[in-house]
Amino acid sequence: MTQHKICGPALHVDSAAGARLKLRGGQEIIDGISSWWVNTHGHCHPKIVEAVRAQAGKLEQVIFAGFTHDPAEKLTRKLLSTVHGTFEGKDGSALDYVFYSDSGSTAIEVALKMAIGFHENAGEQRHKVIALEGGYHGDTFGAMAAGSRSVFNVLYEPFLFDVKHVPFPKTGEEMRSLAWLDKWLKKFGSQTAAFVFEPLVQGAAGMRVYSPKVLGKMAQMCREHGVLLIADEVMTGFGRTGSMFACEQADFTPDLLCLSKGLTGGFLPMGATLATEEIYKAFYHDEKAKQFFHSTSFTGNPLACVAALASLEIWDEEPVMEQIAAIEASHLKAAGWYSARPDVMDVRVKGSIFAIDVRDDVNGYLSSIGHEIYDFMLANGVLLRPIGNTVYILPPYCIDQQDLECIYETLWRSLDSFRNDCFQQAA
């Protein structure tokens, strides 16, 4: 996601702590995007550091086919306990099984294969997949196919399997999306294996926010036709939208829940696909040919498992939800100021996410504004990485008010600087 010819030299990071990165030469910068949305509790949280350090001296890796170990078993019990506590009483079956992989993309690939295989092993010919328009689910081929057709994957479009996309339910156009889905399900519901979506917030599409009520209605409609729900909570999971998982705000439990990024607190790569017992049993058979055919070499890696377990325990031991609420309150206050700017559109806040669209002749990922803001922010000690003309702040939960104020103020100066440059060029 970087055009190396024009991006300039890479910055060398020597160390990190809390919400700050320390560059070679001693400069510190505020990590305003949680190092691409993965860091939840802050860099080098001592509890996770100690867990990984202790595990490294005992078992670093072992094949996870026919073997097991304490870190994976403890993590699974803790992860399922967390999910059950979150989704208790919500519509849908319990998520009782976990398949580990090594990224958000692989978590999605696993879910797609499980959904298709589930129907096949049940004797149903469901070969269609639907997804939410504008979605981004990763850069492996199945994940690209489920995602929106865009500049991200246009070169590979001839190789992607067909996925139909439900119109994005932007504010005021929700009925259009529901009508499209209703029409599709009435015609093809019995042929559709799964509905893939990022709940409440589409990250790479520009932090697009939509209604929990609409998502809940979509889920209900799919359930009525036996279409499995694949929730991509790779970004939205672990508190980003103000609740542990975004789907709980829409009052349902998905059939397949995809997790990564914040799962290990940002320490190590890991993906997890959680599934219902019904899906698990579809592959539990005397015939070897009906097993679930998927593997990654580092599945259930012990170091990643202990990092994830320690991260989940921090939720029990520290006031993480209170930290998220404080960030959201700060974002909402800043939103009032940014809404008054004539060069800003669509200010939005959801949990720890703050986003604005900067007015430009070119909207979307190819807008040049983002690169200019990125350079200005870095020169002033803040890491933001705009998505084209969408600028967002998504900090680690440990960030203090002073650093948040610094980010808002620096972004404000960046927009002022950019606007003044435009005026001078026009003159």
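First, the ground rules. The model is predicted, so local features need pLDDT of at least 70, side-chain atom pairs count only at pLDDT 80 or more, and totals for chains, interfaces and linings use all residues. Residues are numbered from 1 along each chain as its sequence is written, and side-chain values use heavy atoms, with hydrogens and water left out.

Let's start with strand 7. Helices (H or I, at least four residues) and strands (E, at least two) are DSSP runs, numbered from the N terminus. Strand 7 spans residues 192–197. Is it buried or exposed? Six of its six residues are buried, so the rest of the structure largely encloses it. Buried means under 20% relative accessible area, exposed means over 50%, and partly exposed is in between, with a 1.4 Å probe and protein chains only.

Now its neighbours. Two strands pair if DSSP finds at least two bridges between them. Strand 5, residues 128–132, runs parallel to strand 7, with four bridges joining them. There, Ile130 has Phe195 as its bridge partner. Strand 10, residues 228–232, also pairs with strand 7 in the parallel sense, over four bridges. In that pairing, Val196 stands opposite Ile230. As background, side chains in a regular strand alternate between the two faces of the sheet.

Next, salt bridges. The criterion is a side-chain nitrogen of Lys or Arg within 4 Å of a carboxyl oxygen of Asp or Glu. How many does a search of the whole structure find? It finds 20.

Take Glu313 and Lys47. Their side chains meet at 3.2 Å, N to O. Glu313 lies in helix 9 (residues 302–317) and Lys47 in helix 2 (residues 46–56), so the pair ties together parts that are 266 residues apart in sequence. Both ends are partly exposed: Glu313 has a relative accessible area of 26%, and Lys47 has 27%.

Then Arg341 and Asp343. This salt bridge is 2.9 Å, N to O. Here both residues are buried.

Arg413 and Glu409 meet at 2.7 Å, N to O. Arg413 is partly exposed at 33%, and so is Glu409 at 40%. There is also a network: salt bridges that share partners join Arg20, Glu28 and Asp403.

On to the cysteines. A disulfide is a covalent bond between the sulfur atoms of two cysteines. The test here is a pair of cysteine sulfur atoms within 2.5 Å. The whole structure has zero. For Cys44, the nearest cysteine sulfur is that of Cys398, 11 Å away. For Cys222, the nearest is that of Cys247, at 12 Å. Cys222 is buried, at 0% relative accessible area. Cys44 is partly exposed, at 45%.

Last, the surface. Met1, Trp36, Val151, Val362, Tyr365 and Leu366 form a nonpolar patch with about 590 Å² of accessible area together. Patches are made of residues with over 30% relative accessible area and no salt bridge; like charges are joined within 9 Å, nonpolar side chains (Val, Leu, Ile, Met, Phe, Trp, Tyr) within 5 Å. Areas come from the Shrake-Rupley method with a 1.4 Å probe, and for residues only the protein chains shown count as cover. One member, Tyr365, is in the loop between strand 14 (353–358) and helix 11 (369–379). Tyr365 is partly exposed, at 34%.
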